[in-house]
Amino acid sequence: MADSMREVTLEDLDALEIGAAILGTGGGGNPYIGKLRVREELRKGRRIPVIPLDELPDDALVVSLGGIGAPVVGVEKIEQGEECLRALRAVEQEVGRKVDALISAEIGGANAMEPMLTAAQAGLPVVDGDGMGRAFPEMQMITWSIYGQRSAPAAMADEKGNVVVFRETASDKWLEDLARATVVAMGAAAGLAQAPMRGDFIKRAAIPGTVTQARNLGRVVLDANRNHTDPVQAVIDHEGGRLLMTAKITDLERHLKGGFAVGHLALDGFGNFQGDSGRIDLQNEFLIFTRNDVVEVCVPDLIVVLDADTGHPITTEMLRYGQRIAVLGLPCHALLRTPEALAVVGPAAFGYPDVTFEPMVAKKGS
Amino acid sequence: MIRIGVDVGGTNTDAVMMDGDKILAGVKSPTTEDVMGGVAESITKVLDQSGVPAAQVAAVMIGTTHFVNAVVERQHMVRTAAVRLCLPAAQCLPPMVDWPDDIREAVGGKFWLAKGGHEFDGREINALDMTELDGIAAEIGAAGINTIAISSIFSPVNDAMERQAMAQFKKRLPDANFTLSSEIGRLGILERENAAIMNASLRALSAKTVQAFTKALAQVGLTCPYYITQNDGTLMNRDFVQAYPVLTFASGPTNSMRGASFLSGESDAIVVDIGGTTTDVGALVKGFPRQASTTVDVGGVRTNFRMPDVYSIALGGGTIVAGEGDSMTVGPRSVGYRILQDALVFGGDTLTTTDVVSALGLADVGDTSKLAGLDKAHLENAKARIDEMVHNAVERMRVSPDPIPILAVGGGSILMPDTMGDLNVIRPEYYSVANAVGAAIGQISGEVDRIFSLEKTTREEALAEARTEATQKAITAGAHPDSIELLDQEDVPLAYLPGGATRIRLKVVGSMNG
C-alpha cells in the first residue's frame, strides 16, 4: 500500500473523475459535477485527508454516505452543496454521537465524490474504501448490509431544508423502497447518510483501497492519452482484467422497467475479435457479457465499456448505435463473491436466475 | 426559386448560384479581414458568372464561422451578467465555474443567484422573489452591464420563470438585451447556461454582423431577404441570428455534409471532407448530419449544442510523409497552405500525401516528373497507411451495417481511393464548393427536448405531444406547414425514477415559406 492516497488534492481530480466512471460500469452517474464541486471546496482552502483502511481505529465511528436520485436530474438540479452534511448531522443527532470518518457507499460514478465534499465541509477524513467497489442500482447491494450491518437509522436531506430520518426499517430492502419514494418527493436528488459503523467492522466489510484505485486507474488512462499509448491496455494491465472484445454497437435497446433503464447492446467484433458477436445486458449498470451466445462475465464482476480510441468510460446513458467500444472484464473483490454476497448482488438478484456466476480469473492479485 | 449560397470560411469565401435543384455557377474568393468584402466579391463573381440579374435572386443563405471564431479568439465578446434562478439549489457551482480564465474575463465574470427554478416534474423549487430580482437589476445597472443571460433549473421543461425574471428586469433595465437559456440549450444546467452566457456576450457582434451582411448585399444590388445557416443545417432569419448567434457555431461542417448529400443525391452516407491539414468525417442520416450525443467544447467551454458528430484526424493533402520502412509516419504535421511551394510535385522538397497519390498515378496535379526517383514500395506503404487512417475514421462514424456510400469533398479528396472496404466512394461535381451548396439548401426546423411523465400518458401520446410542439416551433420559425416532416426522435427512460418518466428529443424540418 506504498502509494495509498493520504489526501485528495487538485491534481487528483481529473484522474478520479475518469477512474470513478470506469468503476461505475456504465452507471452511478457522471462524476464531472462532483469533480467541479470538490475543486471548489479545495480552492476555499479546505482539505480532504484520506485514511488507509488498516489505519482506521477499531472503535472509530464511520458513516457511509452518498447522493441518491436520477443522474439526468443531477446534471440539471445541481445540489445546494450540503445535503449530505445535513443528512450526516441528522444521523449523529439520532445516535447521540459525533462520527470520526466518512466512507463512500459506492466508488463507481458520482458517489465517489460525495463523501469527499462532506469531509471537506465537516473537517473529517474519508476512508480509502467503499461498500461496492463499483456501482450497483440499489442500496441494499452494499457490503455493509451483506455482512450484517443495518442501515437504519439513516437520514436523507434535500436542498430545500427537508430532512427525513428513517429511525427503524424492517429490512435494508425496505430502506431502499422508502428512500426511493422519498427522493422522488424531494425532486429526484438528495443526500443520504446511513447508520454509523465501527472501525473494526469497516475493516472487515469495506472494499479496500478503492479511492486510491479510482485515482490510479484514471491516471493510467490520462498518461496513456498523453503518451499516445493504448489506454485500454493500460486499464487492463492496471486492474488485472481482460479485454473481452473490441466491437461496434450494432443494436441498442433500452426501456423503463420498475424505475430502471433496462436493455441490451448487440456487438459486432472487430480487430482480433472479427467474427465474434457479443451482447451486454444492462440495468443502469452493465450486468452480463455474452459472446456467441455463451455467458462469459457477469455481475458482480465488472463489465466496463470504454471508448475504443480514447479509453474514456462510456456510461449507459451515453451509449449510441455505431460506437466503437472496448469491453473489459475486471474481477470484483472477493467480498462480493461469497455466497451471502452473491445472494444480493449475483445475477439472480437482477432477474437472471439461469445465469450462474463464474468468477473471471484475475491476472494479478489485488 | 433562384438563390445564392455563401460559405465564409477561414481561407476562402465561396458562393454558388442555384435555381431550384440546379447549380448555375460556383466561385471562390479570398476571405477578407472585415468578412463583408469577401462576401460582396464572391456574390458579384457568382452573379457575373451565372448571368442572373440581381433582381431575380429570391434569397441569400450564408454560412459563417464568424461567431465561433470570436469565442475561440476571445474577441468581440461584451460584458455579460449571468443570472441563475435556482436557490436554494445549485449554489455550490456558480455560473462560469468551469470556464478558462481568459474567456471568463472576456465576458466580465459577473453572476447573481436568485430564488427560483423547477423540479423535474414541474413543481417549483422556490417561487420567484420580485424584490430580490429588483435588487439584482439595480446592481447590474450600477455595474454598467447591458447584456443579461438568465438560466433557471429545468427551464427546458418550464421556461416561465426565465420569462418572468426578464419582464421584471426590463422594468428597471429597459434597454438591456436578454438571452434565456431555455431558448438555446437542452437539459444540463451548466452547459445550457454556458451557451446562454456566450450567446449574450455575442449579441453586440451579431447585431453588427447582421447589419454588415445587409450592407454587403445592398452594395451588390441585392434586396432579397437573407438567412444564416445554423448548426443543424437549417436556416435562421436575420432577427433570429441576431438573437442567437451561438446557434451558428458548427454550421461549417454541417454545410459541407449537407452540400455533399445534395451534390451526390445520397441521403444516408459517410462524408469525408479532406482539407490541407485535417480530414473531417461525419455521418448523414436522411440528408442531415448525425448529431453528437455528448458535450462539445467551444473555445474551452462545455456546451450541449445541437452539433454534428464530426471526427477529425490529422490527415490532409499537405500532410507530411516522413521516415522509412517500419518507422514511416503519415502526419500529424502538414505543410498546410504552403502546399503549392513545399510539396515535391509543386517543386518543393517535402514529401506530402499529395505527392504520394500523384506519384502512384492516382491523381493528376503539378509536375509528376519531379516525383520520378521515389521508391514504389515506400509510396505504396504510405498510401496503404493513408487509406487505413481514413478507413478507421469512416468505420468509426458509420451508422449502419448497410453498404452506404462515402462522399468525398474538399480539395484534398484526391487522397481517397475509389472504394473503401465494402463501401463505394463518390466524388460529386462541384465538390470544392460543397459548403456553399449546403448553405443554399438550408431548411427550417423545430425541436423539443424535455422530460415527459408517463404516469398519466402513454409513451406514444407523449411522442405525439412532442411532435405537435416541435411542428409549432418550426412554423413559428418560418417553415411551410405542409412541408413539415419528422427528422429525428429519441426517448431515453430516466434511470432510478419509479413511476415512469422519459426524456424525449424530437426534431421536425420543413422547407422555407415562399
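Across which strands of chain B does helix H1 (residues 36-50) of chain B lie? In this predicted model, the helix lies across E1, strand E2 (12-19) and E3 of chain B, and its direction makes about 140° with E3(B). The points below place that helix in its sheet, then turn to a second sheet, the domains and the nonpolar core.

**Six-stranded sheet of chain B**
- The strands of this open sheet follow the order E3-E2-E1-E4-E9-E10 in chain B, and their pairing is mixed.
- Strand E3 (22-30) and strand E10 (235-237) of chain B each have a single partner strand, so these edge strands are left with one side that has no neighbour in the sheet.
- On average, neighbouring strands of this sheet are turned by 25° against each other, direction ignored.
- Strand E1 (residues 2-8) and strand E4 (residues 59-64) of chain B run parallel and are joined by 6 bridges.
- Within E4(B), Met61(B) is the residue opposite Gly5(B).
- Helix H9 (residues 251-264) of chain B lies across E1, E4 and strand E9 (226-229) of chain B, at about 125° to E4(B).

**Four-stranded sheet of chain B**
- A further open sheet has 4 strands in the order E6-E5-E7-E8 of chain B, with parallel pairing.
- Its edges are strand E6 (110-115) and strand E8 (177-180) of chain B; each has a single partner strand, so one side of each lacks a neighbour in the sheet.
- From one strand to the next, the twist averages 25°.
- Strand E7 (residues 147-152) of chain B runs parallel to E8(B), and 4 bridges join the two.
- Ala149(B) has Thr179(B) of E8(B) opposite.
- Helix H6 (residues 189-201) of chain B packs on this sheet, where it touches strand E5 (81-87), E7 and E8 of chain B; the helix direction makes about 165° with that of E7(B).

**Domains of chain B**
- The domain assignment divides chain B into domain 1 (1-74 + 204-249), domain 2 (81-201), domain 3 (267-430) and domain 4 (443-510).
- The C-alpha centres of domain 2 and domain 4 of chain B are 25 Å apart.
- Their contact involves 6 residues from domain 2 of chain B and 4 residues from domain 4 of chain B.
- On the domain 2 side, the touching residues comprise 4 nonpolar, no polar and 2 charged.

**Nonpolar core**
- The largest nonpolar core contains 280 residues, of which Ala101(A), Val327(A) and Val16(B) touch the most other members.
- Helix H1 (residues 13-23) of chain A supplies the largest share of this core, 8 residues.
- Beyond its neighbours within four places in sequence, Val327(A) has contacts including Leu244(A), Phe289(A), Ile303(A) and Val305(A).

Methods. Residues numbered from 1 in each chain as written. Chains lettered and ligands numbered in written order. Predicted model: local features only at pLDDT ≥ 70, side-chain atom pairs only at ≥ 80, totals over all residues. Domains from an automatic or database assignment. Contact = placed C-beta atoms within 7 Å. Nonpolar A, V, L, I, M, F, W, Y, C, P; charged D, E, K, R; others polar. Pairing = 2+ DSSP bridges. Axes fitted to C-alpha atoms, helices over the stretch in contact; angles between N-to-C directions. Core = buried A, V, L, I, M, F, W, Y, C linked by C-beta atoms within 7 Å. Buried ≥ 20, exposed ≤ 12 C-beta atoms within 10 Å, placed from the backbone.
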